[in-house]
Structures are given as C-alpha cells and as structure tokens.
Amino acid sequence: MNEDRPFFSNLKCRECGRLYPKEAIHICEFDFGPLEAAYDYDAIRSSISRERILSRPQTMWRYREFLPIDGAPTVGAQVGFTPLVKADRLAAALGVKELYIKNDTVNYPTLSFKDRVVSVALSRARELGFKVVACASTGNLANSVAANAAAAGLRSYVLIPADLEQSKVLGSLVYGTNVIGIHGPYDQVNRLCSEIAGKYGWGFVNVNLRPYYAEGSKTMGFEIAEQLGWKLPRHTVVPMASGSLLTKIHKAYKEFIHTGIIEDQPFTIHGAQASGCSPISEAMKKQVEIVKPVPKPETIVKSLAIGTPADGYYAIRTMKDTGGSAEDVSDAEVIEGIRLLAEYAGIFAETAGGVTVASARKLIESGKIPRDESIVLCITGHGLKTAEAVQGKCGEPRLIKPSLREFEALVADEVAAAAN
Amino acid sequence: MPIQVRIPTPLRKLTGENEVVEAEGATVSEIFKSLETTYPGLGERILDEQGAVRRFVNVYVNEDDIRFLSDLGTPVKEGDEISIVPAIAGG
C-alpha cells in the first residue's frame, strides 16, 4: 500500500466534474449529479502489475488500488474471486461457441454480488467513523449489510419492501439486524431512506455512502478479465436494476486498459431486465436517453424491480458507447432461464440470473450477440434466495416405498431407453 | 396569477429558507424565469447551459414529471403546484 501518495484522490461530480472531499456525500451541491470516486491513475499505474495482483490472496481486494478506501479493508476481507465457469453445455444449448458464467451465486458470505459493494461501503463507513449502517434494499443488499455488519460489530438497519421473498427476509433477520418492512415498492423505500440518512446521520451504504459502495462492483469486472487470462470477453451481459453494476463493469474494463494491466481491445456490454420493470431496456429500445419511471413494477424478479433507476442514463450511455443492446424478458422466460442455467451449467441462480440467461438467449437469437464471439454472463445471486419463484415449476419427486421392486418398476423404461 | 413552487432543501439557501415560494407565469419556463428574477442564482441550479432541465433534477407539475408532459413548455394554471426534486440515488 502506497500510504504517501493515495490512489483514491477525491469524489467527483459525474455531470460537471466539480471535486469534493472523500466524505459521506453522494450528490453534487451544484447540479445534483451523482458523485463518483476519482483516482490518481499515474500512481496506480506505477504501483500495480499483473505480478503484484497475482501475489495477493484470491479475493476482490487483490485490486485494492482501484477501490475507494484509505487503509486496509476492515470489513469483508475474504469477499470475491468467485469462479468464472466455462459453460460448454450451455453454450451448445444456446448455439454459441464460447460462453462463461461469472458465478457470484457463491460469493462470500451471503451468496450475491452485493458482498462486493458492502465490503467497500462498510470498510469506508468505519474509516468515516459511522457506528450505525443501513440500506434500502430489494433483498440481497439487506442480507449482505446484515451479515457483514454483524461480523464487524456495527449496528445495522435494513429497509426493504414488505413483500420480499421469505428467504431474503429470513436471510437478514438471522444476523440480528433491524429489519424494517415498508408497505410500498422499492422506490418508496429508497425515498424514505434518503430522508432518514439526512436526519439520523447513519451510513446508508446506497445513499450517502453510494460513491464508495458502487465501486465495489468493479471487482466483478476485474476478476472476469484476470480469469479469462488478462483479456476481456467480446460480450458481457449484465442484469440491470439501478444500472450501477453495468456501468461499473465497464469502468473496470476501462481502468484495466488505462493502467496497462490489459491491452486495449474491443468489448461490448449488454443489459438485461425483467419486462415487468424494464425502464432502462425500454428507453434503450426507443433510442431515447430519458428513462421513464415505472410506478408499479410487476415481476417475480424483485431484486431488479427498481422503477426509477439511479444510473439508468449512464447505463444507456455505456451500452451505446460499447455497441451494446438491452433486452427484457417475461416471468415465464425468467423461469426458463433459471432452468437452462441449472440443467446445462449446474448453477442455481436467483430470478435475476434467469433474466440474464433469457435475455442473452434473445440477444443471440436476434443476432445482436454473434454466435462465434466470446460471451460472459454475470450471474449475481443464488437460487435458494428466491426459491418460491420456481417452486412447483421444476417437477416433483417421485415417491415410492423402500422396495427394490417398486424402484425397478419406476425406472425400468428410462434405464432401457438410456442403454440404447 | 401566482403559482406555488416547492423548493428542495439544497436550494433553500437561495430562497431565504422558504420551502414553498410563489412565481408568475403561464408555462414552467416562465415560472423559472420569474423565480430567477426573484431569487438570483436559482435558475442555473435547475437549468443547464443550454437552458434544459438538468439531468438529475426532476420537475413535477402536480404529480406529473414535465418530461412526460410538454417539458418546459408545460402550461400551468392557478392552483397547480410545481415541485423541484433532485433525483434519488439508491439501488
């Protein structure tokens, strides 16, 4: 760690470029644009190398020069470096040549990519002196804040829509956090949190700590590049809720190129949404940059049900700049996507994963992703978290007595068929 | 005819800490011109150099975002309420 010359220099308005100190602030005082972490890339370039990265433990913190904290991470030191799986059977099923799954269903400790953003946000929250941390969440973020805050000894409050999946509610309660269910969609939870953050002085990971939090998502992009052998996939498909993850994977790819970790090379980023809440995809398809809010999202994909996506505009610009497209899929297609991924790659993803797989299939079929180019699908959360979405949609076990005769009668036909 | 305009917290320094102020005009654009005359500096916080509403500022006439009405040309009448609301982060 280069203590004399900090890599992380300022917060900077994405709209007007005004610089701000590294505090718990998230919007520009002048034009209300979002603040983003800015770095001294010359300092990073002179410090980092592939060898340096390879010498470090296999966690997301091996890219620490690109993350917005001052000292060593104190929360979530073991998060990240999830498998990049070459999925040949799924590739054949989708009719493409080279397909990989970035498998954040097994991210540590709460089985979603949100552990990446939370470890940065809570490490920074500690540096800034917060004793209470909080979030507005569609579920995964709440689980991660609850778990990581518990491990770190921080008090936490998680605010969620009252109608979330049972596993996601339980997956927060178990850590002894304060779970507050709000009667209303995520966007109203979010609005309430912005009022609470101002009033109580808590560290809201995705409100006043958002510039720090959001940067954690970049590590998914860094890992993809490293695990592919220090190169980028030609196509990356990313699920979109606020649109933040998509923009940060783009930022990661650009930063690796900018600092000489990888060579300059073409890449395209595509976004995926559920049709019942697809404001970014709709705007992209209509070729407009104004994201029309969805007042009442109606989809089984609750983790992506954000009607007023904070980074919608930037997600659209990222897709356009890289030649990408957006796609959205129905609830039935989401279930198909989940089953495809499970049956052909052995990975059980939550509903957002079904969105990504099903949207990728559409992008391939429409020719927007050529069949002979490399593809990475970002799978962001584990299927057990949204089990009720597929309950009864995957068949039922066949029940017999503990009798060999019954078993043989049951399987005789299929065993014979398999032998032929 | 005066129209009521709701001012968000970050802009209240410019309105003498008033949460609701009055302005004259038949369209949102005229209202903003009227506001700038009364409260110098307010205009550039809401509108960019090209005179369009800044990307992370939302303007509502009653409950409707003017981007889905007639933008700055959206007509207003007595009894309407204009709200200026910075975009919210999150997610």
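Predicted model: local features only at pLDDT ≥ 70, side-chain atom pairs only at ≥ 80, totals over all residues.
**View 1. Helices α5(A) and α6(A) pack side by side at about 15°.** Here we look at residues 140-152 of chain A, which form helix α5, and residues 166-173, which form helix α6. Their axes lie 8 Å apart. Angles under 35 degrees count as roughly parallel, and therefore α5(A) and α6(A) are roughly parallel to each other. The crossing of α5(A) past α6(A) is left-handed. On the α5(A) side, the contact is made by A:Ala142, A:Asn143 and A:Ala146; on the α6(A) side, look for A:Lys168, A:Gly171 and A:Ser172. Sorted by class, the residues of this contact are two nonpolar, three polar and one charged.

**View 2. Helix α4(A) meets α5(A) at about 45°.** Stay with α5(A) and bring in helix α4, residues 114-127 of chain A. The axes of α4(A) and α5(A) are 9 Å apart, and the two helices are therefore oblique to each other. This crossing is right-handed. The contact of α4(A) with α5(A) draws on six nonpolar, four polar and two charged residues.

**View 3. Four strands of chain A form an open sheet, with helix α7(A) packed on it.** Reading across the sheet, the strand order is β8-β7-β6-β9, and the pairing is parallel. Strands β8 (178-182) and β9 (203-204) of chain A sit at the edges, each pairing on one side only. Strand β7(A), residues 155-161, runs parallel to β8(A) and is joined to that strand by five bridges. A handy landmark is A:Pro161, which stands opposite A:Ile182 of β8(A). Helix α7(A), residues 186-200, touches β6 (132-136), β7, β8 and β9 of chain A. The direction of α7(A) makes about 145° with that of β7(A).

**View 4. Chain B comes into contact with chain A.** How many residues of each chain take part? Chain B brings 14 residues to the contact, and chain A brings 26. On the side of chain B that touches chain A, you will find eight nonpolar, two polar and four charged residues.

Key:
Residues numbered from 1 in each chain as written. Chains lettered and ligands numbered in written order. Axes fitted to C-alpha atoms, helices over the stretch in contact; angles between N-to-C directions. Parallel < 35°, antiparallel > 145°, perpendicular 65-115°, else oblique. Left-handed = near helix turned anticlockwise from the far one by under 90°. Contact = placed C-beta atoms within 7 Å. Nonpolar A, V, L, I, M, F, W, Y, C, P; charged D, E, K, R; others polar. Pairing = 2+ DSSP bridges.
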